[in-house]
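Here is a short briefing on charged side chains and their partners. Please keep the structure open while you read.

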Amino acid sequence: MSKFTGTAGQVLEAEKPSVFSILKEWGIHKGVVAALVNGKPTDLRTVLFFDAVVEPIMAESEEGLHVLRHSASHLMAQAVLHLYPGTKVAIGPSIKDGFYYDFELPVPISEEDLAGIEEEMNKLAKAALPVERLEIPRDELLVNYEAAGEVYKAELVADITDEKISVYRQGDFEDMCRGPHVPDTSFLKHTKLLSVAGAYWRGDEKNIMLTRIYGTAFADKAGLDAYLKRMEEARRRDHRKLGRELDLFSIQAEGPGFPCFHPKGMVVLNNLVDFWRREHIRRGYCEIRTPLILDKELWVRSGHWDHYKENMYFTEIDEKPYAVKPMNCPGGLLVYKSSLKSYRDLPLRMAELGIVHRHERSGVLHGLMRVRCFTQDDAHLYVTPAQIKQEILGIMDLTRYVYRDVFGFNYHVELSTRPENAMGSPEMWEKAESALEEALKESGVAYRINPGDGAFYGPKIDFHLEDCIGRTWQCGTIQLDFQMPERFDITYVGPDGAQHRPVMLHRTVLGSLERFLGILIEHFAGAFPYWIAPVQVKVIPVKPELEEYARKVETQLKSWDVRVEMDLRDEKLGKKIRDAQMQKVPYMLVLGEREMSEGTLSVRDRTSGDLGTMTPEALREKLGKEFDPRH
RNA sequence: GCCGGCGUAGCUCAGUCGGUAGAGCAGCGCACUCGUAAUGCGCAGGUCUUCGGUUCAAGUCCGAUCGCCGGCUCCA
């Protein structure tokens, strides 16, 4: 007899019960997909012969969905093998919001084929095939996979040293897997296949490209429907679609990855930059601007030639080689070196809205999020070693202020460490990495380590913002660099009168104006906050005869620095309101005979609708209270 | 760059079996003189991405090209 304890104080003594029977005995078996046995995820079918604490994993919980989706990936693999005999299976994990499975298929498939696979999955789900766990000796499994021509599975087994490997079987399908899984396939009735894509075996582009099918699974229909609806909402917010509809920017075939900003997009960018500049001045930064094109020799000296050439564009001037800058630091260093620096100048915070060009591979371009020319809100801080931590904390404070307080974003922080093509000694890297980590710890923010993702000249702290469908984009970054100061032999005169080497911090807050704008568009679904909206107020006369009064109102608003547009088209009021709403203009002023005779305005808010009439002064006061980080 | 898909009017999309291109919105004109999310009528707008091939005939079939979309790899 073994003794089992539940988390709500349940107790049970039984002889070799299954996990499921224990939960059933306690009456908590409904909606359960697996269980934690002494904290370890376990199948419901598993038979226990030792004392244990047993806790259910509910289908709707995060772990439950993980189990469900992982099982769904097996179900999909089974269906694919039925429909496409000869398919080799690779790996099929659960991921955020769903799952995928990679296959080598005998024939290419497209999204049109997904319906057929779904149908087969539903058939298998209905059949309620028991999902059983087997323990197979490693060597036997390896031989079996090799004999079956399952080269990918064989490769995976070859890397495992355990004596026994667990395999899950459902009907005619078996897959090596840690589990746990649902007890039978009837748990997998709410699945949806989403897309098919290519994916390199083991994520290495030197390897063969497999076919990956993405899908998702939920505990019930409501969960699945809610997810599909959320995806739809995400598409509605896509910055590429809104960018066109709101006439913010365009990217033409003549310039792939090189966006054109339209007048309205420029208003947003200019306000953003205006805010950025004020905030930096407040925080003790100065601003510089360096050339887009500089002598190739500079890039050899900086190490970019050796470490970043593939991403650079080159040109020639008077038969001498030049490069288009992919980063701003070398130019900034030239400015630093242009005069003698004293310790009294440090920390020296030199900001630059630098336009950089980088050759990005064609397949990675994505609206404003991934482009080939972008404006970094860059800054280089030249500091003494003793000032490093304090300056990093200062940048983190600025970042928190901009992301959270000004725009209301969620973000997370990563520490990216030494990459493969790193420049400089391992000791320097260790020193730099621990300095960053120390600052992170002191700041108290949660962070995770992103190994091998540092810049070639130093480790970095990265700030990631979420877009509308939960994809995250790196925006801000703080990079600690001992290399460039050496390479460029920059110095400052210390209090002792001797030459000392400063340390360099590279950092951005917004990251790139382009990407940040893309994220702003999606975050606000195009309805920008008042202070940054391209058009803040739309003046709408009820009929053409009121043009004169409308012009008067327009002039008055302009004199208050309000960005105002008039709609003088010979259209019905409803139409003009609708158009202004769709352009997401924060305020609409409806002007009719009544307003003209009283000298008032009828104000409509884009979210709450008609606010009634007010005097121009009252409107001015109201607009003056709108949030603006520059005030 | 790689895998798969898609390119028809400014935008969103029809276009059957290969027979010589159509709608809505936007634009322009006219009428309506209008009160909080689409007034009506008319006009104009296309080398069907581009180049080549098959065919009596190609938007439609085939190949390439450029671009875009979803991923992978790579990155702000």
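Aspartate 274 is partly exposed, at 27% relative accessible area. This is a predicted model. Aspartate 274 forms a salt bridge with arginine 630, with the closest N and O atoms 2.9 Å apart.

- Arginine 630 is buried, because its relative accessible area of 13% falls under 20%.

- Arginine 230 and aspartate 97 meet through their side chains in a salt bridge (3.4 Å, N to O).
- Arginine 230 lies in helix α6 (residues 221-237) and aspartate 97 in the loop between β7 (94-95) and β8 (98-104), so the pair ties together parts 133 residues apart in sequence.
- Arginine 230 is partly exposed, at 38% relative accessibility.

- A salt bridge joins the side chains of glutamate 621 and lysine 625 (3.6 Å, N to O).
- Glutamate 621 counts as exposed at 51% relative accessibility, and lysine 625 counts as exposed at 64%.

**Network and total**
- Glu279, Arg282, Arg283, Asp397 and Arg400 are linked in a network of salt bridges.
- The count of salt bridges comes to 46.

**Glutamate 205**
- Glutamate 205 lies in the loop between β12 (191-200) and β13 (209-217).
- Glutamate 205 is partly exposed, with a relative accessible area of 46%.
- Beyond its neighbours within four places in sequence, glutamate 205 is in contact with Tyr200 and Arg361.
- The side chains of glutamate 205 and arginine 361 make a polar contact (3.1 Å).

Conventions. Residues are numbered from 1 along each chain as its sequence is written. Chains are lettered from A and ligands numbered from 1 in the order in which they are written. This is a predicted model: local features need pLDDT of at least 70, side-chain atom pairs count only at pLDDT 80 or more; totals for chains, interfaces and linings use all residues. Side-chain values use heavy atoms; hydrogens and water are left out. Helices (H or I, at least four residues) and strands (E, at least two) are DSSP runs, numbered from the N terminus. Buried means under 20% relative accessible area, exposed over 50%, partly exposed in between (1.4 Å probe, protein chains only). Contact means heavy atoms within 4.5 Å. A polar contact is a pair of N or O atoms within 3.5 Å; within protein, one must be able to donate a hydrogen and the other to accept it, and residues adjacent in sequence count only if both atoms are side-chain atoms. A salt bridge is a side-chain nitrogen of Lys or Arg within 4 Å of a carboxyl oxygen of Asp or Glu.
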